[in-house]
Amino acid sequence: MQLTETKAKEIINSFSIPPKPALLVSLQLELAKEEQDPRAYAELISQDVALSAVVLKTVNSPGFGLKRQLSDIRQAVVMLGADRLTHLVTYFALRQSIRGKSSISLEKFWDNTMEVATMSRFVLEYLANKVEVDEDALYALSLFRDCGIPLMAMKYSDYRSVLYEANHSPHHCFTEVEEGHYQTNHAIIGYFVASSWHLPKSLCELILRHHDPNFLTDNLTTVEQKDLYALMKIASAVATRYKYNITDTEWPMTSEAVLTHMGMSDIDFDEMMVDLLEGYSAQFGEF
């Protein structure tokens, strides 16, 4: 879709995009300082007790592979870094902000999103010799790429059936199915959410185009953006196989471009799939 200014305003006005919490404003200001103070950063996060608890629970989960349990936010800042913690805090703040009557299970949606984000770290570790991307950027893309879906599900009472159609149309782009019903799609809505919450511009652009089948052949995108896109597609494919034992809907459309970009064959991918599923299952158990 071509996003004109008029079209953009229409979309923004028709959706209830949650405002960015004051806590995130303060964290982003702290993060922008030349000399960051972990103590000040930890103090800001600690102001929200519930948020602090869920962040600590997440960083102490097997997915982060920490050698010791963290007991407070200051330790988490030191061990994980402010950038990664900001992504986690933003994710959980967004999750808390998007609530209400929905045509899908929002709890299941957020859990699936976290699953792909966790899997993305396994994928990056496996392919570390092929790419040089920022781990936090990949994690953030995996967390926020579909953040428009909950808003679509809250606005449209029939979105569950449209989501099913999009997930079972391997020869049609996911967002094209949505556009056929609503003249907009979750990638556009996600872009506006990410932009209004002041996530990095490069991340917002990836959210907008994460279903674009021509992304890897676009000369205007950077090598790092293409690497992030390819790794995210692989993580989604592996997570789908792990959780549902089926092929990810978009993989047939994007697999050739993704594997070509990564310099991999179908056999390489199949071997990687087996290795990643075994490693992931060993850490988290069979689903």
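**Charged residues and salt bridges**

Asp 275 is situated in helix α16. In this predicted model, Asp 275 has a relative accessible area of 37% and is therefore partly exposed, as the value falls between 20% and 50%. Asp 275 belongs to a surface patch of negative charge, which also takes in Glu 256, Asp 266, Asp 268, Asp 270, Glu 271 and Glu 278. Helix α16, spanning residues 266-284, supplies the largest share of this patch, with 6 residues.

Across the structure, 12 salt bridges were found. One of them joins Glu 115 to Lys 243, with 3.7 Å between the closest N and O atoms. Glu 115 is in helix α7 (residues 106-126) and Lys 243 is in helix α14 (residues 223-244), so this pair ties together parts that lie 128 residues apart in sequence. Both Glu 115 and Lys 243 are buried.

A salt bridge also forms between the side chains of Glu 135 and Arg 121, at an N to O distance of 3.0 Å. This pair links distant parts of the chain, 14 residues apart, with Glu 135 in helix α8 (residues 135-144) and Arg 121 in helix α7. The two partners fall into separate accessibility classes: Glu 135 is partly exposed because its relative accessibility is 27%, whereas Arg 121 is buried because its relative accessible area, 16%, is under 20%. Glu 135 and Arg 121 are also members of a network of salt bridges that includes Arg 84 and Asp 136.

In a further salt bridge, the side chains of Arg 209 and Asp 218 meet at 2.9 Å, N to O. Arg 209 has a relative accessibility of 23% and so counts as partly exposed.

Glu 30 is located in helix α2, which covers residues 22-31. With a relative accessible area of 9%, Glu 30 lies under the 20% limit and is therefore buried. Leaving aside residues up to four places away in sequence, Glu 30 is in contact with Gln 36, Asp 37, Ala 40, Tyr 41 and Leu 44.

Helix α7 contributes Glu 115 to the bridge with Lys 243 of helix α14, and Arg 121 to the bridge with Glu 135 of helix α8.

Note on methods: Residues numbered from 1 in each chain as written. Predicted model: local features only at pLDDT ≥ 70, side-chain atom pairs only at ≥ 80, totals over all residues. Heavy atoms only, no water. Patch = residues over 30% accessible without salt bridge, like charges linked within 9 Å, V, L, I, M, F, W, Y side chains within 5 Å. Areas by Shrake-Rupley, 256 points an atom, 1.4 Å probe, with all protein chains shown as cover. Salt bridge = Lys/Arg side-chain N within 4 Å of Asp/Glu carboxyl O. Lys, Arg positive; Asp, Glu negative; His and termini not counted. Charge placed at Lys NZ, Arg CZ, Asp CG, Glu CD. Helix = DSSP H or I, 4+ residues; strand = E, 2+ residues; numbered from the N terminus. Buried < 20%, exposed > 50% of the residue type's maximum accessible area, 1.4 Å probe, protein only. Contact = heavy atoms within 4.5 Å.
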